[in-house]
Amino acid sequence: MPVSSGVGRTTRDYLRSETADCHDRLDMHLGALVEGDEREFAAFLEIQYRARKGIEGWLADHAPHVAPPLQTGLLARDLHAMGPTVPGDCERFEPPAGSDPLGACWVLAGSSLGNRAILARLGKSGLQRPVAFLSDTRMTAYWKQLRPLLERPHSLPDDRAALAAAQATFSHFNAVAAHHCLPVTV
């Protein structure tokens with residue numbers, strides 16, 4: 001998708017439209033795992049852990065003042081509850097030089113909205129799964145704090161660096177999912 005000028009939009013609108021394809025690809029990889037059997041749900045948690053570990057490390061080094069709450073500890077707790085060992089070898093996250101951490105923060109914070117929807121679906125389905133990660137209210141609170149930065153008027157020169165980080169974050173998640181995910185049927 002070509003980068004548009006984004007006239008009349010917000011930074012959030014710009015990031016959402018320019019990352020829609022990679023976001024949809026990630027949802028395709030992970031969506032079926034959430035409501036699958038225990039092995040598939042454990043795979044979902046492991047992918048989340050592996051991807052977030054690298055991103056959280058990069059944000060701690062490059063933008064600790066704006067980084068979202070750490071969630072890998074909650075993911076480790078959920079994985080332990082299911083029996084799998086927490087992965088020790090997690091992929092590094094390296095967005096392009098000059099990337100604005102806001103883009104990575106937006107991806108992580110925005111995922112809390114999806115997590116709430118997943119939590120509701122699990123509740124309706126009656127599936128018993130560990131949900132410390134999915135029910136983390138700290139990320140929802142962080143999302144609310146981040147929104148004013150995202151609702152600013154879009155400026156292509158200012159937002160290109162945030163887009164680079166957002167695209168790198170989705171690419172990182174998709175690479176981890178593709179490497180560690182069970183096969184996806186379409």
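Arg-92 is exposed, with a relative accessibility of 65%; exposed means over 50% relative accessible area, buried under 20%, and partly exposed in between, with a 1.4 Å probe and protein chains only. Its side chain meets that of Glu-94 in a salt bridge, at 2.6 Å from N to O. By salt bridge I mean a side-chain nitrogen of Lys or Arg within 4 Å of a carboxyl oxygen of Asp or Glu.

A word on the source. This is a predicted model, in which local features need pLDDT of at least 70 and side-chain atom pairs count only at pLDDT 80 or more, while totals for chains, interfaces and linings use all residues. Residues are numbered from 1 along each chain as its sequence is written, and side-chain values use heavy atoms, with hydrogens and water left out.

Back to the charges. The structure holds eight salt bridges. One of them joins Asp-136 and Arg-138, whose closest N and O atoms are 3.0 Å apart. Asp-136 is buried, at 8% relative accessibility, whereas Arg-138 is partly exposed, at 39%.

Another pairs Arg-147 with Glu-151, with 3.4 Å between the closest N and O atoms. What network do salt bridges with shared partners form here? They join Arg-12, Arg-147 and Glu-151 into one. Arg-147 is partly exposed at 34% relative accessibility, and Glu-151 is partly exposed at 32%.

Next, helix H5, residues 101-125. Helices here are DSSP runs of H or I with at least four residues, numbered from the N terminus. H5 has 25 residues and spans 36 Å from first C-alpha to last, close to the 36 Å expected at 1.5 Å a residue; the expected span is 1.5 Å times one less than the number of residues. After H5 comes Gly-126, with a positive phi near 80°.

A pocket is an open set of points on a 1 Å grid where a 1.4 Å probe fits, with protein on both sides within 12 Å along at least five of seven lines; lining residues have an atom within 4 Å of a point. The largest pocket has a volume of about 580 Å³, counted as the space filled by probe spheres set on the points. Of its 28 lining residues, those closest to the centre are His-23, Asp-27, Gly-110, Ser-111 and Gly-114. Helices H1, H2, H3, H5 and H7 each give two or more residues to the lining.
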